[in-house]
Amino acid sequence: MNERILATKGLTVTYPTVQGSFTAVNGVNLELNSGEIVGLIGESGSGKTSLALGLLALARYPGRVSGSIDFMGQELLTLPEEKLREIRGRSIGLITQKPRQSLNPFQNVGTQIGRVYRAHVDASKAQAQDHAIELLENVGINDPQRRIKAYPHELSGGMAQRALISMALSAQPQLLVADEPTSGLDVTIQAQFLDRMWQRAEETGTAVLLVTQDLGIVANYCDRVLVLENGKLVEDAPTREFFANPTDAYSKKVLSLAGERAQAETASQEAGSQTPLIRLEGLRKTFKLDDGKVLSAVSDVSLTVMQGRSLGLVGESGSGKTTVGRLILRLLEADEGDIWFRDTDLTAMSTREFREFRSKIQVVFQDPFDSLNPRWSVEKAISEPLDLHTKMSKAEKAQRVSELLDQVGLSADVRGSRPSGLSAGQQQRVCLARALSTEPDFLVLDEPTSALPPVARVEMIALLKDLRERLGLSFIFISHDLSTVRELCQDVAVMYLSQIVEMGPTSKVFAHPEHPYTRALLDSVLFHDPLDRRVDREHLGALEGEIPSPIDLPKGCYLAGRCPFAEDRCREEPQLLQITEPDHLVRCWKSVEGILSGASVVG
Amino acid sequence: MTIPQSPPVKGEHPLENLADKKIKARRWYHDKLLVTGAIIVGIALFLAAFGEAIAPYDPTVPVGPPSVPPSTTYWFGTDTSGLDVFSRVISAPRIDVTLAVSAAVLSGILGTFIGLMAGFYRGVFSGFIMRVSDVLQAFPVFILAMVLVALSGRNLTNLIFALTFLYTPIFIRLTRAEVLTQRERAYVEAARAAGNSDLKIAIKHVLPNSLTPSLIQLSVTVGFGILLTAGLSFVGAGVRPPNPEWGLMIANSAPQLVLGEWWTSLFPGIAVSLTVVGFAALSNAIERRVATS
């Protein structure tokens, strides 16, 4: 057994409110040992963040921490503030959810990391600087000499998060508390980050408490799982046991939902017809930036969605997938290319003509709360498209709203509610009902599940699947979540840096990914299986660094800078989307010629 | 299961007491603020409507000997012309408050609408509007008001227009700033995708969500308007005598102050200050309410 680092007894965090005090964390007893990564999961609002902060004897104003925290033989809650400050940062590191907001915008990264170091260790400025460079290098930041001079706004979210972890690690703490450190990061970056963290914990024997909502992360990186429900610890088990045999209700629910998804077949191939519904041809969109540079968001995208089928558009943030969706909806106007809806060219329509046409193409956005007018009731929101496109009477509209609410699984008593009174899952159902109200032929679903908490996400996917089958919906599903795409979509197109790099039936692309980028993406997926952990696997096709800025695009293959298989020809020669099999297209000459080394990693 | 609660320090945690007290103190203060503001504003509005009717004497004709100190017959005394100061003080809101409220409401409506358009349709028009309001706001308000009144003639309608002209840029700026954040939100895009025209989006969706700053500003503007009206009258660019008006009363009686005739300027002075504070307090309280809800 490893050395015990921290133990709490009856740890409680309360917040005084107008109606009396609210207990966010209720008598938690837990232990953390050296070299151990412990996952802390639970629904949003279950007190995860309060508990994480509570371990540092901190609570958000006006909260109050009570109970007992024994950290390496010292009782933290009775320690004077001065001593506590010494422990925080030096012995217990903290990484919070919003990386950019946690960094001081007026100081460069090197100074900030150095300050933490110097606050706890007697070192000169120069030594601290060297230490900062070393740390940045350790967390996998390229060119650390240059990066330590960067200010937070010059860093991407992923880089800022890694700067924070180096800050948290700078004084070599015995315990690291990480509160959803990867939420909002792309999958490949998430994998890079967690790999580093896992390695560091292994090497230095740091205990890590990892707060997360993602079971994949738990299965792949954690040794032990804690489940928090309404402020109470309801489960404390080794990861394998937890996945094999959860004891409490919440864990059972989450795991069974996850299990159902794992067993779900890849979306069936037979469904749908071979009549094209939406056809994009050579779509191109650039944005002029203030400094005169040109950003290519979408270059030469052509794809087809058949009647009654669904296409998943996959890629990391910055790949241009959302722009494609907005081009189809004509929320943006394409620079070049055509959008065919059956036999109509949408790009040739005037704005006024297209406004009438909008009832046929509807959309659901990523952030459900933001996409509902905060002052409008559910009923008003859902019936707005009916007001605009139909001449229904009041009674007919009310009838249609009831029908729609029923279709998306909402009870009739939410009709009069404002969006702020609904959960994220309910809000997104309202958005979906609004999109379905005019019985559109085609839907653009722009990451409709990614802003939802896990349970709501799974329910949303089930709902979409159900609606697809019942109503025969055709849609394009924009997402960075590969497992969702596998379940929902018959076809998939993978985008990287404004281009489609691989396209084909989902079953084929997922079973035999050709393009190195597709492989890396699939490799970054964290499966909910503690017996098949990413950290135990070898990553042949892992990508370096991050998606480059789409301002100065490389001459040759856009992935060449990150691709482990790249050679000179890749950097010189622009890549074309070529057919490898009748329905499978790939933008990589090596793959087309069949000389790409390394077998497919996912079966 | 009961969890043994072991408080870290003896007795209650100091932070909690502090927090509770602070919260209560704040709540009480804000309610106080709201109540005070509402009472003063209520009295001001009441007097604007009925002040002249309930006044004991006619405020525009001499009703007694000049320069009588406050007494039971003349509560606030009489001025050098023998006008009753109390009657004049409570009749003045009919001019002061009516003028300020009309100017504030007019500039609120105008400014909010222009601000909505300038924020929603960014471009040459928007830039032009903003530069014009920059220029207007760069002038000292008081001087500009005097010039406007001097140019257009000294009457009530012109005073209202002058004040409206001066206060509109404030509402343009506030509304535009809010519209700029609102128009980036996804519900605007969703409204467009649903098939709304731009104008419909602006008026149905963006406008109602951008009103809060203007509504808060409205009350403060009334207060400023009263102050400005009184100020203009004080220098002779506002209301004509013998109309009852606070600024005018102070101006007429200021020379008498050195002779010991304090009541003719003190009471209208208090009235102006109280009213301005009342409108400002109301605005402030509403703002806090909105911010915390």
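Figure 1. Where pLDDT is low, the predicted coordinates should not be read in detail. As for chain A as a whole, pLDDT averages 86, and 96% of the residues score at least 70.

**Figure 2. The two assigned domains of chain A.** Domain 1 covers 99-172, and domain 2 covers 276-592.

**Figure 3. M72(A) and its backbone phi.** This view sits in the loop between β4 (64-71) and β5 (74-75) of chain A, which is where M72(A) is found. M72(A) isn't a glycine, yet its phi is positive, at about 45°. For context, most residues other than glycine have a negative phi.

**Figure 4. Helix α6 against helix α9 in chain B.** Two packed helices are described by the angle between their axes and the distance between the axes. Here α6 (residues 156-182) and α9 (residues 212-234) pack at about 155°, with axes 11 Å apart. Angles over 145 degrees count as roughly antiparallel, so that is the label for α6(B) and α9(B). Their crossing is right-handed. On the α6(B) side, the contact is made by L159(B), L163(B), Y167(B), I170(B), F171(B), L174(B), T175(B) and E178(B). Facing them from α9(B) are P213(B), S214(B), Q217(B), T221(B), G225(B), L228(B) and T229(B). Sorted by class, that gives 8 nonpolar, 6 polar and 1 charged residues.

**Figure 5. Helix α9 meets helix α10 in chain B.** The axes of α9(B) and α10(B) (residues 246-253) come within 7 Å and cross at roughly 35°. This crossing, too, is right-handed. From α9(B), the residues involved are T229(B), A230(B), G231(B), L232(B), S233(B) and F234(B). Their partners in α10(B) are W246(B), G247(B), L248(B), I250(B) and A251(B).

**Figure 6. A cis peptide bond between two prolines of chain B.** P241(B) and P242(B) are joined by a cis peptide bond, with omega about 10°. P242(B) has its place in the loop between α9 and α10 of chain B, the two helices of the previous view. As a reminder, most peptide bonds are trans.

Key. Residues are numbered from 1 along each chain as its sequence is written. Chains are lettered from A and ligands numbered from 1 in the order in which they are written. This is a predicted model: local features need pLDDT of at least 70, side-chain atom pairs count only at pLDDT 80 or more; totals for chains, interfaces and linings use all residues. Axes are lines fitted to C-alpha atoms, for helices over the stretch in contact, and angles run from 0 to 180 degrees between N-to-C directions. Helices (H or I, at least four residues) and strands (E, at least two) are DSSP runs, numbered from the N terminus. Angles under 35 degrees count as roughly parallel, over 145 as roughly antiparallel, 65 to 115 as roughly perpendicular and the rest as oblique. A crossing is left-handed if the near helix is turned anticlockwise from the far one by less than a right angle, and right-handed if clockwise. Two residues are in contact if their C-beta atoms, placed from the backbone, lie within 7 Å. Ala, Val, Leu, Ile, Met, Phe, Trp, Tyr, Cys and Pro count as nonpolar, Asp, Glu, Lys and Arg as charged, and the others, Gly among them, as polar. pLDDT is the predictor's confidence in each residue, from 0 to 100. Domain bounds come from an automatic or database domain assignment.
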